[in-house]
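Please consult the sequence and structure shown below while reading.

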Amino acid sequence: MDFSFTPEQDMLRESLARYLARHYTLDERRRIIAAQPGYSKAVWNQFAELGLLHLPLPEALGGLGGNPVDLVAVAELLGRHAVVEPWLASSVICAPVIARYAPDRLPGLLDGSATCAFAYEEGHGTADPADIAMRAEPRGEGGFVLDGEKRLVLGADTASTLLVAARLPDGKLGLFLIERTAPGQSLTSYTTIDGRRGATVRFDNVVVDPAALLDADAAATITALVQTAHLLLSAEAVGAMEALLELAATHAATRSQFGKPIAAFQAIAHRLADMKLAYVKARSLLLQTAALAEAGLASPRDTAMLKAQAGRLGRQLGESAVQVHGGLGMTDELAVGHLLKRVLFVDLAFGAGDHHFRIIGRPAADAMPA
Amino acid sequence: MNIDRDPALAAFRAEVAHFLDTAPTPDIREAGLKTTCVFAPFEATMAWQKLLNQKGWAAPGWPAEYGGPGWTPEQRAVFDEEYCKRDLPPLLPNGLQMVGPMLMDLGTEEQKAKYLPRILSGEDYWTQGYSEPGAGSDLASLSCMAVADGDDYVINGSKIWTTLAHKANRMFMLVRTSTEGRKQQGITFLLLDRMDYPGLEVRPIIGLDGFPEQCEVFFTDVRVPQSGRVGAENDGWTVAKALLKHERGGAALSPGFFRKIALMREAASTTRAPGGGMMADDSVFQRDLGVLEADVTAYAAFENMIRTGHALGRDPAMPSLNKIMSSELGQQVSVLAMRLAGIEGLPLQLAALDVGSGVDPLGSWHDLVAMPAYLNARATTIYAGTNEVQRDLIARSLGQA
């Protein structure tokens, strides 16, 4: 057993960490979020240059053939800086599906000129693909009509295509690739608390070609996409936790009250110790689950457990970081609040913690993944 | 990364499983089922150690030159897993995980030759004489005095929390040999060959669970040979610190927690929930069990980081992180088990818990052990450096980072 990154992974992390430390400062991040289109083309082009857009794709299709550990190695750093560019939503979740079913659409995703958004969530944290209710009805003249609503579609407003999960008449799950310009879609876009772009997408009689249906029995594919989301959101949370712990420890050592650094008060010291415990637990579980995923051994239960833990431990740690910072922790001007909101996003998206924990605690026969 | 399991381990696992299935006597199995703390029922557990020693497996953590089996870390993990699955009593840690490894590092050749074989075979049981009524977390303030006199030391004072001192035939202890300089100086580490020295008196203390596990030991002009000293006079603090690093003995604790979760899952399927149905279907119980399993899985991952030498496991605060995680998880496991037992945990069943008593438990095995295990587990966050002291150490290491 070995849970270390390879020298190649370490090298990529060093380049990315150097770039982010220099160019993804808190001020720059706030400027990116405040302006259209809600993420930075310059950062995105740099990601393309670093190979991040190629990383999740197989080599045969011009990708770099990255494995789950490669992606975790990157996502941890993106979480550390609470990066808002749609790398996870477009490059990691959607691009490999497009590569497999519609490779002609891939070049734009690779050169950075196009993005795709995953329209999956239907409300209250759709933890299980089996809960998807949106319908796709076949038309007499061929193709399908889609009706329904998708929530928290990350990067929808700038995407050129949407990857949509919808239920077919035979009860199976279908996966559709739909042009964002196809008539009948209405978007309510917003910025999420952690700075990403999201949208509620309404589909009213959206008519699509037969070719838009990529997979007519996509339950396994969609489950795998949710697993990827769980693994990489957890990596983002762990990266954010690392930064939060460092910020809080530094602040406690330098902030003086009652004539001494607040770290000298045992109540603060023990809070910091608890933060370290939460971080070590979360990161150990992340690395172990990443190794399982690389070996093809990570079950949906494993990745859901990781996501639930990263969210739970991340929120505990983040709340403590705000508390240690005192009033300053309440402002938009420090990174600490931005990082707390990044872990809150992870806690709530793709099935909230309590839901996953309850499934894990079910009687043995039910608790096993399908 | 690489998580592949060595295929040769399958054969090893089968060999371990066969021995653990066939070797233990009924008394040993009963002791395992009636284990409610780190210190399993004494007589049956020492008998089990003798059987394991005949197989060469009594001390998985010892180097082969001293009688260890010479297993790889992966084999060790397989052994721990298979052991826990069968609810066998854990071997008592004082000799195998504390005195033994310390002597390998710091003992004289005579001390090693005299003591190590008898620790391995289970002929000797060593009680630990560290804490005193006035020296707990602040151990270095201990005051039990030893005065050199000819070839002997003459000891006066007392020790407390000497686990199973009333069953022990030997004792390792810290005594004060000087009151000059810093309090850590002036402490000496002694090995006592007997527990029936004139002037030595043992008083068992009844614990929260109703059992006399802990003891107090009083010394009145107890004369012991200086040949039992480890290290130099007044340098016992160094010896004690060296011993501390062996205290866990490298054994993984997560397999035992996973086993208890599996047993709880099983018990919940036949435990009625208030308002109808079974506890296994109660959504609050499911959520709490789920959090617990996720937390134990995270701890098991941390144990893997330690075992494989990953940077996370090489953290300077690792011993404190490990001690807090393992003790608090053990308590959380015991709390959920106690809640699951409900009122069935309320009858005091001391006789039924006694190995060989022939007294049947009033309800299930789970109900019998849940409450004493819960009560005994309160000690885990107090002993071996309270968790408050451990948190101080972790915070200090953050300040230095």
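How many residues does the contact take from chain A and from chain B?

## The contact between chains A and B

The structure is a predicted model. In this model, chain A contributes 40 residues to the contact and chain B contributes 37 residues. On the side of chain A that touches chain B, at least two residues each come from helix 7, helix 8 (266-294), helix 9 (300-325) and helix 11 (353-360) of chain A. Of the elements of chain A, helix 8 gives the most to this side, with 18 residues. By class, the side of chain A that touches chain B has 26 nonpolar, six polar and eight charged residues.

Helix 11 of chain A, one of the contributors to this side, is mostly covered, with six of its eight residues buried. These buried residues are Gly353(A), His356(A), Phe357(A), Arg358(A), Ile359(A) and Ile360(A).

## The nonpolar core

The largest nonpolar core contains 232 residues, and Ala117(A), Phe176(A) and Leu272(A) are those with the most contacts inside it. Helix 7 (residues 219-254) of chain A gives the most to this core, namely 17 residues.

Apart from its neighbours within four places in sequence, Leu272(A) is in contact with Ala248(A), Ala249(A), Ala252(A) and Ala263(A), and also with Ala395(B) and Leu398(B).

## Helices 5 and 7 of chain A

Helix 5 (residues 87-101) of chain A and helix 7 of chain A cross at roughly 155°, and their axes come within 11 Å. Because this angle is over 145 degrees, helix 5 of chain A is roughly antiparallel to helix 7 of chain A. The crossing of helix 5 of chain A with helix 7 of chain A is right-handed.

From helix 5 of chain A, Leu88(A), Val92(A), Ile93(A) and Val97(A) take part in the contact, while helix 7 of chain A supplies Thr221(A), Leu225(A), Thr228(A), Ala229(A) and Leu232(A). These residues divide into seven nonpolar and two polar, with no charged residues.

## Helices 4 and 8 of chain B

In chain B, helix 4 (residues 73-85) and helix 8 (residues 254-268) pack at an angle of about 30°, their axes lying 9 Å apart. The angle is under 35 degrees, which means that helix 4 of chain B is roughly parallel to helix 8 of chain B. This crossing, too, is right-handed.

Asp80(B), Glu81(B), Cys84(B) and Lys85(B) of helix 4 of chain B meet Pro255(B), Gly256(B) and Arg259(B) of helix 8 of chain B. The residues of this contact comprise two nonpolar, one polar and four charged.

Technical notes. Residues are numbered from 1 along each chain as its sequence is written. Chains are lettered from A and ligands numbered from 1 in the order in which they are written. This is a predicted model: local features need pLDDT of at least 70, side-chain atom pairs count only at pLDDT 80 or more; totals for chains, interfaces and linings use all residues. Axes are lines fitted to C-alpha atoms, for helices over the stretch in contact, and angles run from 0 to 180 degrees between N-to-C directions. Helices (H or I, at least four residues) and strands (E, at least two) are DSSP runs, numbered from the N terminus. Angles under 35 degrees count as roughly parallel, over 145 as roughly antiparallel, 65 to 115 as roughly perpendicular and the rest as oblique. A crossing is left-handed if the near helix is turned anticlockwise from the far one by less than a right angle, and right-handed if clockwise. Two residues are in contact if their C-beta atoms, placed from the backbone, lie within 7 Å. Ala, Val, Leu, Ile, Met, Phe, Trp, Tyr, Cys and Pro count as nonpolar, Asp, Glu, Lys and Arg as charged, and the others, Gly among them, as polar. A nonpolar core is a set of buried Ala, Val, Leu, Ile, Met, Phe, Trp, Tyr and Cys residues joined through C-beta atoms within 7 Å. A residue is buried if 20 or more other C-beta atoms lie within 10 Å of its own, exposed if 12 or fewer, and partly exposed in between; C-beta atoms are placed from the backbone.
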